[in-house]
Amino acid sequence: MDSNASSDRQSGFDPAALREKYAAERAKRVRADGKAQYRKIAAEFSDFASDPHVETIIERAPLHDEVDVLVIGGGFSGLMTGARLRQAGVQSIRIVERGGDFGGTWYWNRYPGAACDIDSTIYMPMLEDIGDMPSRKYPPAPELQEHARKIARKYDLYRDAVFQAAVTAMVWDEVSERWKIHTNRGDVMTARYVVMGLGPLAQPKLPGIPGIETFKGKAFHTSRWDYGYTGGSAYGDLTKLSDKRVGIIGTGATAIQCLPHLAQSAQELFAFQRTPSSIDVRGDKLIDPEWWASLKPGWQRARMVNFTNLVNGTPQDVDLVNDGWTANFLDARDDQGGDVDPSQMANFRKMESLRQRISDVVEDPKTAEALKPWYNYFCKRPCFNDYYLQAFNRPNVHLVDTNGQGVERIDETGIWANGVHYPLDCIVFSTGFEVGTGFLSRSGFDVTGKHGVTLMEHWKEGVRTLHGMLVNGFPNCFMIGGIDHVGLNANHVHMLDEQTEYVADVIVNATDGLTKTFELTREAEQAYVDKIIYLSARNPMAPQNASFQQECTPGYYNNEGDLAGVPVQTGPYGGGPMAYFGELQSWRQAGGFPGLQTHKAP
Ligand code: NDP
């Protein structure tokens, strides 16, 4: 009691009361239908997933040729794989991409305000190789997509690329020891090695709100923004909305970025909120060319490592990136000795400061209260923005807080929430992407490995891999950039940097220069699965672990509050990202690629 009381005096909050409040807010939001509350974008909703950026459909004959390495996905993971392979001398590389160009996330997400919120010097891949200086700390989406194109041009990845083609099946041919890759364009391509870089958040999803199909106005998902309807661009100025009543459903990281632009342009904006995000200062600024010129070779990886360490609570002598993420490093040292876990105290303190920021910025006290998040930091994706909260001070912007219940229903003319009807011209679905719905649902194709066993069959008890990338029974194949069995990291590109080096190393060196077939042994796979299960029980305050997620409000981080619905072995690597990268490096340095069997390919 004494030590708790001293924590109270130091921090000005009551840990027990906060715990209760968090639990009560969580309880309001937990739903029996969990993930099933969402609707897949298919059938009558397929327009929501169509590509608004393609002007002409490429007409071509189906492909039946062979390449050495086929990469599925033209986002950062696919491009970095291609670049690393080119650096290692591989010539025959094909990237297959369903969009009309490279860019992945940054091809699809062009909504107004879309920008990275991880410092560009550690988020934009291969900056040292490309030699470009980002314009600012948080560049807008068009610059990020252009950077993707630059990687493709520098490493000649447009040469054999196939766009506007979605893979429909991938089958291992036991005789030729090659993969056959089928697409929706009638292609049946052959490849010795396949790398799947499908993206962790690639399949947009819609809420299963009753009546959603009946709305007669304009409706679209943020990842398929319709500028023909709104006017403007990724930089805002949505002039065609000046006489429109717009509703936006969702208040996650995407909505935080686009809402200020909708607020500026729409006649009236209604923001339908189920759970508020935590929103910290962003502090965007231009990059100083003099500072840029002073960076020494190897700087990008050094900054990535420094950032990842700090965000994961490992003190560093210097904070190289020095942004909201690293400042948010929950330094628990001040709270040693109390009854409450020091990390929990630090977490309470962080969230209290964010709640105070809302009171400081938002003028209407009722709106300010409704915008306050009541859960631990890292339960949901932390957000950083200097315009979102401010937008609620505008007279044309209305927060419709649903007290954790969400939108009730949609009809032909608008949205119902809290028993009130809001007539609308346009609904923007900022409702996120499929996560944890199973490989088949997210990728749109199954993979058939040795003896006709599919990946879905192999994983029927839960995910099985080595390092989240290699799978027994699926030779010459990698999955990269996923979230299962890897050390989850705020800077996803740091992980891609490590994984793509690993992939190129295996493809070039484990195969003696692309001449061998490789396969992960059953034993090596099982040992890694055992490690994932073991690590999942460590470090209860680490956001990557189930024990932390258990107490969080529902969301995609915790399988919509239904952790019991996910096998423990389908979790992330509980040791955190730096330990995970350490595993990858020591495995590569051990020599002989332990756990991989190889033999001369036909
Ligand atoms: P999210 O899944 O984070 O958010 C979806 C939103 O929709 C939530 O606010 C959710 O509420 C709400 N919602 C769902 N159903 C309903 C309903 N029936 N009624 C009312 N609200 C509903 O998707 P985002 O697209 O915002 O973000 C996805 C991820 O993309 C981020 O977490 C981040 O990783 C990434 N991202 C990264 C950016 C960057 O700068 N690097 C920028 C933008 C996104 P609830 O919380 O209650 O479930």
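Guide: We begin with the domains, whose bounds come from an automatic or database domain assignment. Keep in mind that this is a predicted model.

Visitor: Which domains does the assignment give?

Guide: Domain 1 is made of 3–40 + 204–282 + 337–429, domain 2 of 66–203 + 435–600, and domain 3 of 292–330.

Visitor: How do I read the relation between domain 2 and domain 3?

Guide: Start with the centres of domain 2 and domain 3, which are 24 Å apart when taken over C-alpha atoms. Their contact takes 27 residues from domain 2 and 19 residues from domain 3. Between them, domain 2 and domain 3 bury about 1,800 Å², and 57% of that area is on carbon and sulfur atoms.

Visitor: How many salt bridges are there between domain 2 and domain 3?

Guide: The general idea is that side chains of opposite charge can pair when their charged atoms come close. Here the count between domain 2 and domain 3 is three salt bridges. Arg301 forms a salt bridge with Glu501, with 3.1 Å between the closest N and O atoms. As for polar contacts, domain 2 and domain 3 have 15 residue pairs, both residues being at pLDDT 80 or more.

Visitor: Which elements give two or more residues to the side of domain 2 that touches domain 3?

Guide: They are α5 (120–123), α6 (127–130), α18 (492–510) and α21 (577–589). The most comes from α18, with five residues. By type, the residues on this side of domain 2 are 14 nonpolar, five polar and eight charged.

Visitor: How many salt bridges does a search of the whole structure find?

Guide: The search finds 36 salt bridges.

Visitor: Which residues come nearest to the ligand?

Guide: Of the 26 residues around the ligand, the nearest are Thr254, Arg274, Thr275, Lys380 and Tyr556. In the side chain of Thr275, an N or O atom is 2.6 Å from an oxygen atom of the ligand. A backbone N or O atom of Thr251 lies 2.9 Å from a ligand oxygen atom, and for a backbone N or O atom of Ala253 the distance to an oxygen atom of the ligand is 3.1 Å.

Key: Residues numbered from 1 in each chain as written. Predicted model: local features only at pLDDT ≥ 70, side-chain atom pairs only at ≥ 80, totals over all residues. Heavy atoms only, no water. Contact = heavy atoms within 4.5 Å. Buried area = accessible area lost by both parts, 1.4 Å probe. Salt bridge = Lys/Arg side-chain N within 4 Å of Asp/Glu carboxyl O. Polar contact = N/O pair within 3.5 Å; in protein donor to acceptor, adjacent residues only side chain to side chain. Helix = DSSP H or I, 4+ residues; strand = E, 2+ residues; numbered from the N terminus. Nonpolar A, V, L, I, M, F, W, Y, C, P; charged D, E, K, R; others polar. Near = heavy atom within 4 Å.
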